[in-house]
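Please look through the sequence and the model below, and keep both in view while reading. The paragraphs that follow lead from one residue to the whole chain and then back to particular places.

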Amino acid sequence: TFKLSKGLALYVDDLFDETVVEVQKNEEFHQLIHTISNMEQQKYALPDGVNASLRPYQEVGFQWLMTLAEHQLGGILADDMGLGKTLQAIVYMKAMKARDEQHQFLIVCPTSLVYNWLDELENFTPGLKCRVITGTPEERLAIIKTEDAVDVYITSYPLLRRDIANYEGKLFHTVFLDEAQFIKNAASLNAKSVKALNASHRFALT
């Protein structure tokens, strides 16, 4: 018996197709492959309370994020600068928040983009309560451990490295890693820190 991550399903399916081995696939496996291979057919409703109209390709990106999360998969949202990856992530968070008020999210990004994320969140989804994790070590710990109803936390890669022990025991619904080239070296402290976070879903933006 071999147990593999669901994230390898498409690779395994391709491998099966290239072999002479007889393979039996159950209905759940067939459905997973069909869904992931035909994401443009998925139709998740856009959430209320978003101060923006998504362009068609942005809506496709939103559907893609929702589909992956629905199947407990992560992914990489890659596109040119200025085409709205941030907005797609924000609409996803708003949709997931509408499903469950308890969901919390974490944005990890370069220091220079921390307040850009805050501005975008406040502009597009003023209904979400956002907090930037900043200040002295004691102040950052207080923000991370706050009992207030924070929906979205925003921190930088350097501060995450310093604060990673403070996240122990905290579960996020989704972590977004912006400018994901910051973790391309798997041996780096950046990569090790984000892998130590406890999250149900993880997406990289680049």
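Predicted model: local features only at pLDDT ≥ 70, side-chain atom pairs only at ≥ 80, totals over all residues.

Is Glu 179 buried, partly exposed or exposed? With a relative accessible area of 27%, Glu 179 is partly exposed, where buried means under 20% relative accessible area, exposed means over 50%, and partly exposed lies in between (1.4 Å probe, protein chains only). Glu 179 belongs to the loop between β5 and α8, and its phi is near 50 degrees, a positive value in a residue other than glycine. Gln 72 also has a positive phi without being glycine, here near 60 degrees; Gln 72 sits in the loop between α3 (56-70) and β1 (75-77) and is exposed, with a relative accessible area of 52%.

Residues are numbered from 1 along each chain as its sequence is written, and side-chain values use heavy atoms, with hydrogens and water left out.

Taken as a whole, the chain has 8 helices and 6 strands, where helices (H or I, at least four residues) and strands (E, at least two) are DSSP runs numbered from the N terminus. Along the sequence these elements follow the pattern α-α-α-β-α-β-α-β-α-β-α-β-α-β. The chain's radius of gyration is 18 Å, close to the 17 Å that the globule rule gives for 206 residues, so the chain is as compact as a globular protein of that length; the radius is taken over C-alpha atoms, and the rule is 2.2 Å times the number of residues to the power 0.38. Of the 206 residues in the chain, 47% are buried, and among contacts with a separation of 6 or more, 67% come from residues 24 or more positions apart, a contact being heavy atoms within 4.5 Å.

On the α1 side the contact is made by Ala 9, Leu 10 and Asp 13, and on the α2 side by Phe 29, Leu 32, Ile 33, Ile 36 and Ser 37. These residues divide into 6 nonpolar, 1 polar and 1 charged, with Ala, Val, Leu, Ile, Met, Phe, Trp, Tyr, Cys and Pro counted as nonpolar, Asp, Glu, Lys and Arg as charged, and the others, Gly among them, as polar.

The next topic is the aromatic rings. The whole structure holds 6 aromatic pairs, where rings of Phe, Tyr and Trp (its six-membered ring) pair if their centres lie within 6.5 Å, and planes under 30 degrees apart count as stacked, over 60 as edge-to-face and the rest as tilted. One of them joins Tyr 153 and Phe 172 edge-to-face, at 6.0 Å centre to centre and with 75 degrees between the planes. Because Tyr 153 lies in strand β4 (residues 152-156) and Phe 172 in strand β5 (residues 171-177), the pair ties together parts that are 19 residues apart in sequence. Tyr 153 is buried at 0% relative accessibility, and Phe 172 is buried with a relative accessible area of 1%.

Tyr 157 and Phe 182 form a stacked pair, 5.1 Å centre to centre and with 5 degrees between the planes. Tyr 157 lies in helix α7 (residues 157-163) and Phe 182 in the loop between β5 and α8 (189-196), so this pair ties together parts that are 25 residues apart in sequence. Here Tyr 157 is buried, with a relative accessible area of 2%, whereas Phe 182 counts as partly exposed at 35%. Elsewhere, ring pairs link Tyr 92, Phe 176 and Phe 203 into a cluster.

Finally, consider Tyr 167, which is found in the loop between α7 and β5 and counts as buried at 4% relative accessibility. Leaving out residues up to four places away in sequence, Tyr 167 touches Leu 106, Ile 133, Ile 144, Thr 155, Leu 160, Phe 172 and Leu 197.
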